[in-house]
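I opened this model to look up a few points and note them here. The entries follow in the order I worked.

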Amino acid sequence: MSEPLSHPDHAAHPHGRRRRRWPWVLLAVVILLAGGCAVLVVGLSNEADKTVRVTYEVTGDARRVNIAYSTWQDGERRTRQEEDRPLPWRKELRTKGFAKGGLLAVTVGPDGGTATCSVRIDDGDPRTDTASGASATATCTGF
């Protein structure tokens, strides 16, 4: 009689256990995740060092408005305010350490009218909003 054929793993493992593959699969997943995180960190670091141009504009027929807008300095976002401003109003900043989540808000004065805010990062599409009437507020966010 001939000997029964055995599976190659059986020869390597006398008790018939198969080699475990999940530790190797887990190791490969960990390596891929670590590589992805490294790429993300390098990308964010490059973005933090990049200089961007932020252009704020407020137009409309309101006689006076109050304006609040974000600035970036040393990696921190701050808010500045300008009160009782005539329209049109424009401010352009060049900044490093730009973080998304900026704000431009314009509140129409007690005499009413309309005011439209607009924010543009470099040459991207502007974020806009319009307010009408006394004490109405337009808010441009998400840039």
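Are Cys 117 and Cys 140 buried or exposed? I find both Cys 117 and Cys 140 buried; buried means under 20% relative accessible area, exposed over 50%, and partly exposed in between, with a 1.4 Å probe and protein chains only.

Ground rules, for my own record. The model is predicted, so I note that local features need pLDDT of at least 70 and side-chain atom pairs count only at pLDDT 80 or more, while totals for chains, interfaces and linings use all residues. Residues are numbered from 1 along each chain as its sequence is written, and side-chain values use heavy atoms, with hydrogens and water left out.

**Entry: disulfide**

I searched the whole structure and got 1 disulfide, taken as a pair of cysteine sulfur atoms within 2.5 Å. The disulfide is formed by Cys 117 and Cys 140, with the sulfur atoms 2.2 Å apart. I read 100° about the S-S bond, and the link of Cys 117 and Cys 140 is right-handed. Cys 117 sits in strand 6 and Cys 140 in strand 8, 23 residues apart, and the pair links distant parts of the chain. A disulfide is a covalent bond between the sulfur atoms of two cysteines.

**Entry: sheet**

I next followed the strands, which are DSSP runs (E, at least two residues) numbered from the N terminus. I found an open sheet of 4 strands in the order 4-1-6-7, with antiparallel pairing; two strands pair if DSSP finds at least two bridges between them. Strand 4 and strand 7 (127–132) are the edge strands, each pairing on one side only.

I then went through the pairings.
- Strand 1 (residues 52–60) pairs with strand 4 (residues 89–95) over 7 bridges, in the antiparallel sense.
- Strand 1 is also joined to strand 6 (residues 114–121) by 7 bridges, again antiparallel, and Val 58 stands opposite Cys 117 in strand 6.
- Strand 6 and strand 7 run antiparallel and are joined by 6 bridges, with Arg 127 in strand 7 as the bridge partner of Val 119.

**Entry: Thr 55**

I picked Thr 55, which is in strand 1, and found it buried at a relative accessible area of 7%. Thr 55 stands opposite Glu 92 in strand 4. The side chains of Thr 55 and Glu 92 are joined by a polar contact of 3.5 Å (a pair of N or O atoms within 3.5 Å; within protein, one must be able to donate a hydrogen and the other to accept it, and residues adjacent in sequence count only if both atoms are side-chain atoms). Leaving out residues up to four places away in sequence, I list Arg 90, Lys 91, Glu 92, Ser 118, Val 119 and Arg 120 as touched by Thr 55, contact being heavy atoms within 4.5 Å.

**Entry: aromatic rings**

How many aromatic pairs does the count give? I get 5 aromatic pairs; rings of Phe, Tyr and Trp (its six-membered ring) pair if their centres lie within 6.5 Å, and planes under 30 degrees apart count as stacked, over 60 as edge-to-face and the rest as tilted.

The pair of Tyr 56 and Tyr 69 is tilted, because the ring centres are 5.3 Å apart and the planes are at 50°. Tyr 56 is in strand 1 and Tyr 69 in strand 2 (residues 65–73), 13 residues apart. Tyr 56 and Tyr 69 are both buried.

The rings of Trp 72 and Phe 143 have centres 6.4 Å apart and planes at 75°, so I log this pair as edge-to-face. Trp 72 lies in strand 2 and Phe 143 in the segment after strand 8 (137–141), so the pair ties together parts 71 residues apart in sequence. Trp 72 and Phe 143 are buried.

Last item: Tyr 56, Tyr 69, Trp 72, Trp 89, Phe 98 and Phe 143 form one aromatic cluster.
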